[in-house]
Amino acid sequence: MAAFSSCLVASFSKQLTITNSSNTTSYLSLPNPKASLKSLSFSNFLSETPFANGSLALKAVERQTRRSVVCEAAPVQKADSAAKRARQAEKRRVYNKAKKSEMKTRMKTVFEALDGLKKKTDAQSEEIVEVEKLIAAAYSAIDKAVKAGSLHRNTGANRKSRLARRKKAVEVHHGWYTPSAAVVA
């Protein structure tokens, strides 16, 4: 990170010549009215008090422009660790959101396909093959989200189980699958 510096420039383009009756001349610097810099202070010196002998003559004289430059240099600071953490967190948030969004979209398409298949009265058992392809894509999206750390592994397992249960419910509804009696030991 480069050092930050700010410079203020004050210019003096006119001087006021003050002549009193004893023919002594004093110069008074007048700041340029365009440069209104309140942060800089300049002192004006007079060699002799102009009102000491009574009469006073004022005459504006053009002089060469003098420029005074004041620079402040701020120290170079290290990168703020909190700002870096915020940038990293934002990057991860966007990445995780994309993974979760893909997973939810795939699950939604599976649920819609299963609901459509369940409502269909003349459904054939071969139609479940297309739904199984959608389920495989959803499983893949869930596994990728778990692998990336966007989703906890138990949450991923629950989502996959939900898909499998819904598929089994459709198969049972149409009579393509009959669950065996639970063995009680």
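**A walk through the chain and its helix α2**

The chain exposes about 14,000 Å² of surface, and carbon and sulfur atoms supply 54% of that area. Keep in mind as you look around that this is a predicted model. Of the chain's 185 residues, 21% count as buried.

Let's start with the overall layout. The secondary structure comes to three helices and three strands, and along the sequence they follow the pattern β-β-β-α-α-α. Take the contacts between residues at least 6 apart in sequence: 69% of them join residues at least 24 apart.

Now turn to helix α2, which covers residues 128–148. Which residues of α2 are buried? They are Ile128, Val131, Ile135, Ala138, Ala141, Ile142 and Ala145. These residues cover an arc of only 130 degrees around the axis, which puts them on the same side of α2.

On the face turned away from the buried side, you will find the exposed residues Glu130, Lys133 and Lys147. Just after α2, Gly149 takes a positive phi of about 90 degrees.

Finally, look at the rings. A search of the whole structure finds zero aromatic pairs. Charged side chains do sit over rings, though: Lys160 lies over the face of Tyr139, 5.5 Å from the ring centre, and the charged end of Arg166 sits over the ring of Phe111, 4.2 Å from its centre.

Notes: Residues are numbered from 1 along each chain as its sequence is written. This is a predicted model: local features need pLDDT of at least 70, side-chain atom pairs count only at pLDDT 80 or more; totals for chains, interfaces and linings use all residues. Side-chain values use heavy atoms; hydrogens and water are left out. Helices (H or I, at least four residues) and strands (E, at least two) are DSSP runs, numbered from the N terminus. The expected span of a helix is 1.5 Å times one less than its number of residues. Buried means under 20% relative accessible area, exposed over 50%, partly exposed in between (1.4 Å probe, protein chains only). The arc is that of the directions from the helix axis to the C-beta atoms. Rings of Phe, Tyr and Trp (its six-membered ring) pair if their centres lie within 6.5 Å; planes under 30 degrees apart count as stacked, over 60 as edge-to-face and the rest as tilted. A charge sits over a ring if NZ of Lys or CZ of Arg is within 6 Å of the ring centre and within 35 degrees of the ring normal. Contact means heavy atoms within 4.5 Å. Accessible areas come from the Shrake-Rupley method with a 1.4 Å probe; for residues, only the protein chains shown count as cover.
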